[in-house]
Amino acid sequence: MFAHLLLLLLSFSSAFSPTSGHAPYAMRISCGARENVHTAPTNTLWYKDFAYTGGIPANATTPSFISPPLKTLRYFPLSEGPENCYIINRVPKGHYSVRVFFGLVNEPSFDGEPLFDVSVEGTQIYSLSSGWSNSDNEQVFAEALVFLTDGSVSLCFHSTGHGDPAILSIEILQVDDKAYNFGPQLGQGIILRTAKRVSCGAKQSKFGVDYSGNHWGGDRFWNSLPTFGQNSDHPLSVETSIKQASKSPNFYPEGLYQSALVSTDNQPDLEYALDVDPNRNYSIWLHFAEIDQSVTGVGQRVFDILINGHIAFKDVDIVKMSGDLYTALVLNTTVAVDGRTLTITMHPTKGNHAIVSAIEVFEILLAESKTLPNEVRALQKLKSALGLPLRFGWNGDPCVPQQHPWSGADCLFDSSSRKWVIDGLGLDNQGLRGFLPNDISQLRHLQSINLSGNRIHGVIPPSLGSIAGLEILDLSYNSFNGSIPESLGLLTSLRKLSLNGNSLSGRVPSALGGRLLHRASFNFTDNAGLCGIPGLRTCGPHLSVGAKIGIALGACVALLLLVICSICWCKRRENILRAQRISAAREAPYAKARTHFARDVQMGRFHGHDNARTAAENGPSLLS
């Protein structure tokens, strides 16, 4: 256990961050809403829920008075997969408070509270426990402080088999980059989950906006705590202004320090106990201001602060350490808790009573390393190409949180890149009907692929040959066609290849055939068109598939030309005969007249010859 003292001694801050110079980014989503919504009494704007995720919108029942007064929610039935995520883009780089409120579906068929897990940026931050819907405290929401660096944030909800996750609202609220700086560990690899935040002695629970707090405070919820236990303390409140309250980097509201719990003569110690998860680290923030009129100066109230019996802060004198009466003081320490209870004790050493204004407890989580982005994109393309059923989900990150990896994808942590990678695909007998895309080669860390027993069609992508570490490839009993890519012969680590039960054809690559001599297990049976290795038919002189297709196309073209020529010849012949018949019909009368004329000419000639002989016979004409 280690502790360090954080004293907020800077000047008041304006409504803008002193480092950024602009208002903080804020995104509030009313889940399931079709229009933007404003809620009373602060007229808070909630954006409509559009194109962030899947699921089903429905009417909502708000389980607690601290829940936003919204009328809709979005729930995620298990039929759409065990993991469902909101992906919110265009989020500026920075430090954010991320808060998710849960809801109940207002329909007769939904009669119980769902129990599920929540993750932010691949790190599980919360698991709902039974009874959460009957609570008026932090159980109705999950909240965490996280650094966002890639322009987006993912919030995922993981089914645990106890009802469908139902989300009422989501808030992404920017805070100062140094907010809750508990030590050198704070940074992109750390997430602070809100375990408890109480305002001691306050009459009502409030959000930061109810305190008119600085927007850079993240609109924190402060649960009122009237007492630590019966007769152990008494509440105290004032209206006097508190100095050094709302300042960078945490911007606590001034009103937080205007109430407190003070121990009694019967119980001088103030003790607060909180149930926690064991074997975790917790960051504890304690708030004080000397608002008791009976204390007028330094040394009149001094106490030790113990965490689970160990002194974390000794001789705490609020007036001395803050510099004055009615002045805010914040102390922070980090502890490791082995058991299930975190106990904070304030034990007076001077004066008879201890005092405290507020307590914050955060669980320190190590942010999970994500999966390599190229491999996530490749899996998403594979999901689309194979037509993966909705029940698989495959939303968010395939490997984290580690409690909820994707079904059918095996993960391996790559120490060189400090990222998760995919080293196995097991999607056998899932009724897949799509094709295998070339992008599968982007999963370059694969050692095993089993897609057997589906209805995957198309060719085997040659890019598989570039996955150097592939040892097992089982594509049996699908509908793959075409030839086996020569590139598979480059897989020197391949020791099991099952391509049986497909419609493959052609010669088995010689490199694969030779591998059989090295005790590799290959199965090419039940492919009628394959040849070239023992167990398959002998490859004789034969044409390739391309050549056969070319010949077939050529024959079809020649036949088509022959038919066209025959039709043209027949048409031409018919036209000639028709023309001859028409011509004959038109010339028939003229032909008859010519025949009569020829006959008359011939007869005239005959009579002339007779007259000539008579003249000769009769002698010379008397008239000559």
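**Figure 1. Contacts and burial across the predicted model.** Of the contacts (heavy atoms within 4.5 Å) between residues at least 6 apart in sequence, 72% connect residues at least 24 apart. The protein has 624 residues, and 48% of them are buried, where buried means under 20% relative accessible area, exposed over 50%, and partly exposed in between, with a 1.4 Å probe and protein chains only. This is a predicted model in which local features need pLDDT of at least 70 and side-chain atom pairs count only at pLDDT 80 or more, while totals for chains, interfaces and linings use all residues. Residues are numbered from 1 along each chain as its sequence is written, and side-chain values use heavy atoms, leaving out hydrogens and water.

**Figure 2. The disulfide of cysteine 85 and cysteine 156.** Here the two sulfur atoms lie 2.0 Å apart; a disulfide is a pair of cysteine sulfur atoms within 2.5 Å. The S-S torsion is about 105°, so this link is right-handed. Cysteine 85 sits in strand 7 (residues 83-89) and cysteine 156 in strand 13 (residues 152-162), 71 residues apart; strands are DSSP runs of E, at least two residues, and helices are runs of H or I, at least four, numbered from the N terminus.

**Figure 3. The disulfide of cysteine 399 and cysteine 411.** The S to S distance is 2.1 Å, and a torsion of about -90° makes the link left-handed. Cysteine 399 is buried at 3% relative accessibility, whereas cysteine 411 is partly exposed at 24%.

**Figure 4. The disulfide of cysteine 531 and cysteine 539.** Their sulfur atoms are 1.8 Å apart, and both cysteines are buried.
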